[in-house]
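Here's a quick tour of how this chain packs and pairs up. Have a look at the model first, then read on.

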Amino acid sequence: MRVFGVYGLHCEHDLHQTMMQAAFDYKGISDSLYQSMSVTPMSFTGAVESANQADFGGVNILWPFQEYVTEIVDECSDLVQKTFCANMLVCSGGMISAFNTIGSGMMNALTKEKNYSVKGKKVLLIGAGAAARTFAVMFAEAGAASIMMTNRTKERALQNAKDLTEKLGKEIIGCGWEDEGVAEYMKDADLVVNCTFLGGWKAPDAMPLADMLDNLHEGQLVVDVTENTAKTPFLKKAEAQGTDTMPGYLIMLYEGVETYKMWFNQPGAPVSFMRKALEEVVK
């Protein structure tokens, strides 16, 4: 029996098992099992090492381990090395390889769900964690005209922007939420992405930059990476301002598609069944 699963602090709130089990069931993969496995910072390293020793095929990695895991695997993909973020492991031949499917999840969701290209677009990323860094790389390489990364902790945004600018050869603007110019940038942006946890299960009634959101308007696309609800307060406010919106579970869907393809060496995945499984639980 090959084992797949998800490692995180609070797997009880995660939807990977719902989505991936639907794919396994549809394909009739009876020799594989998908499990949600809550781990702590103290037990995480041991859990990853045991995955290499047991009959594991792959693991999804949740916050806060997406950065740390890059230090304890055998090899990292190019995107992982650029973003210092891995959300998926492939276990094969006695080796554990780390990948980042957050980026392809976002790009495919934008393309397939919204027919949207970031080329030439002005982008505002709210947050400076693993998702924001990944999107900054993907959008920069796809030809975005301008990218600002703004974070509640200004120093983190500045450091990440500096590191990414050096790696990519394209300026990423870093700043704090309180900095002058953020509200105006939001008003001028084509694409605004909430990369924070605000609006998720930890803080379901919260939203970032609440005092600036009146700057949103028709003609913009607003995305929230929060996966367990289709209508976060952030997206509700954006819709009220006339913007188009995209919920985070669609990013997760296309992350899962890429993961399935890599784990089973398949050209495709049962997207409609994975989507149906998510939409039955996402409210």
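Contact here means heavy atoms within 4.5 Å.

## Ground rules

This is a predicted model, where local features need pLDDT of at least 70, side-chain atom pairs count only at pLDDT 80 or more, and totals for chains, interfaces and linings use all residues. Residues are numbered from 1 along each chain as its sequence is written, and side-chain values use heavy atoms, with hydrogens and water left out.

## The cores

A nonpolar core is a set of buried Ala, Val, Leu, Ile, Met, Phe, Trp, Tyr and Cys residues joined through side-chain atoms within 4.5 Å, with buried meaning under 20% relative accessible area for a 1.4 Å probe, protein chains only. The largest one has 63 residues, and Phe135, Phe139 and Val193 have the most contacts inside it.

Leaving aside residues up to four places away in sequence, Phe139 touches, among others, Met106, Leu110, Ile147 and Val193. There's also a second, separate core of 20 residues, including Val3, Tyr7, Val39 and Leu89.

## Strands around E3

Helices (H or I, at least four residues) and strands (E, at least two) are DSSP runs, numbered from the N terminus; two strands pair if DSSP finds at least two bridges between them. Strand E3 (residues 56-61) has six of its six residues buried. E3 pairs parallel with E1 (residues 2-8) over five bridges, and Val3 sits opposite Phe56. With E5 (residues 88-92), E3 runs antiparallel over three bridges; Val59 partners Leu89 there.

## The six-stranded sheet

Another set of strands forms an open, parallel sheet in the order E9-E8-E7-E10-E11-E12. Its edges are E9 (173-176) and E12 (244-246), each pairing on one side only.

Technical notes. Buried < 20%, exposed > 50% of the residue type's maximum accessible area, 1.4 Å probe, protein only.
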